[in-house]
Amino acid sequence: MKYYPQSIGNYWEYDVVSGSDPYHNTTTPLYWLKIAGDTILSNNKSYKIIHRGYFGDKRIESLFERIDTNDACLFRYDIVNKIEYKIDSLLSQPGDRINADRFGPIINPLPPDWGLFCYAMEEKNLLGRTWDIKKMNANTRIPNELYELAKGLGFIFSESWEGSYWSERLRYAIIDGIEYGIRVDVNQDISIPNQFILFQNYPNPFNPTTTIEYTIHTPTFGVPSREGNQMGVFVTLKVYDILGREIATLVNKEQMPGNYSVRFDVAQISNLRNSISSGVYFYTLRVGDSSSLRSSEFQETRKMILLK
């Protein structure tokens, strides 16, 4: 399981190398991964929440993965289609063929040339030290797609050829509080967003708990902080039923720029425990310059589904 460290707070940054071939290419910082927490999804299994963001872009995606502690198989959950699929076997040895698919739900049975293959175990110098490496070949979906896992570091490298050359290479990581490599400098602080964002809750559908995340940026309006160097804003996050009736207030206060996460737990809200039923609900984030919120700088609503 050390080939895929999953401690909360672990963080990785990757470069992309692309071009006509491995020797004529350009290198660009591509994306980062961070293990943000734990959640139980609709299949009643526990997953790590992995955030993925792209440098130069404000997209943030959420992945859901777990390692089965009985056989060290790595699974990913497709939250849209509500399907769990195997993406690796961390116990694989050279010569092993794994009935798994890195890119989506498997076709069962897999054709003979599909699946994952472990083809080598060796050592490799990376980020200032030597690591034990497991080399894998993924013949599913993308021909000639190779990738590597480092023991104690996780996913470090992949490459593929599909008309041109493409690879992703680890350049920096924080594993259990220890830093390796050189962090990307893209003249931006990815921890302080520069726009308001309301994310889709997860899990969705849920019962009885779901998590809602949002970001607050440094606005041109608002209330100065106590330090006097930032502007705060007044934020409300409320839940409504399908008729537009307010059923819960999750946030109702001034907040400073940053990333926020709120849990909505039906079972812990006494006036909802028995009255709320399965169905469609909505949550709305509003941001303004005072508690009255007579004029909102930002407002967005998303749908979520409760299954009891």
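I looked up the contacts (heavy atoms within 4.5 Å) of leucine 153 and, leaving aside neighbours within four places in sequence, found Lys2, Pro5, Trp12, Leu126, Leu127, Trp131, Leu170, Ala173, Ile175 and Tyr180. The model is predicted, so to speak of local features I need pLDDT of at least 70, and side-chain atom pairs count only at pLDDT 80 or more, while totals for chains, interfaces and linings use all residues. Residues are numbered from 1 along each chain as its sequence is written, and side-chain values use heavy atoms, with hydrogens and water left out.

I then turned to the salt bridges (a side-chain nitrogen of Lys or Arg within 4 Å of a carboxyl oxygen of Asp or Glu), of which the structure holds 13. Lysine 124 and glutamate 148 form one of them, at 2.8 Å from N to O; this pair links distant parts of the chain, with lysine 124 in strand E8 (residues 116-126) and glutamate 148 in strand E10 (residues 145-150), strands being DSSP runs (E) of at least two residues, numbered from the N terminus.

Glutamate 148 also forms a salt bridge with lysine 135, the closest N and O atoms being 3.7 Å apart, and lysine 135 lies in strand E9 (residues 129-138), 13 residues from glutamate 148.

I checked burial next (buried is under 20% relative accessible area, exposed over 50%, partly exposed in between, with a 1.4 Å probe and protein chains only). Glutamate 148 is buried at 6% and lysine 135 is buried at 17%, whereas lysine 124 is partly exposed at 27%.

Key: Helices (H or I, at least four residues) and strands (E, at least two) are DSSP runs, numbered from the N terminus.
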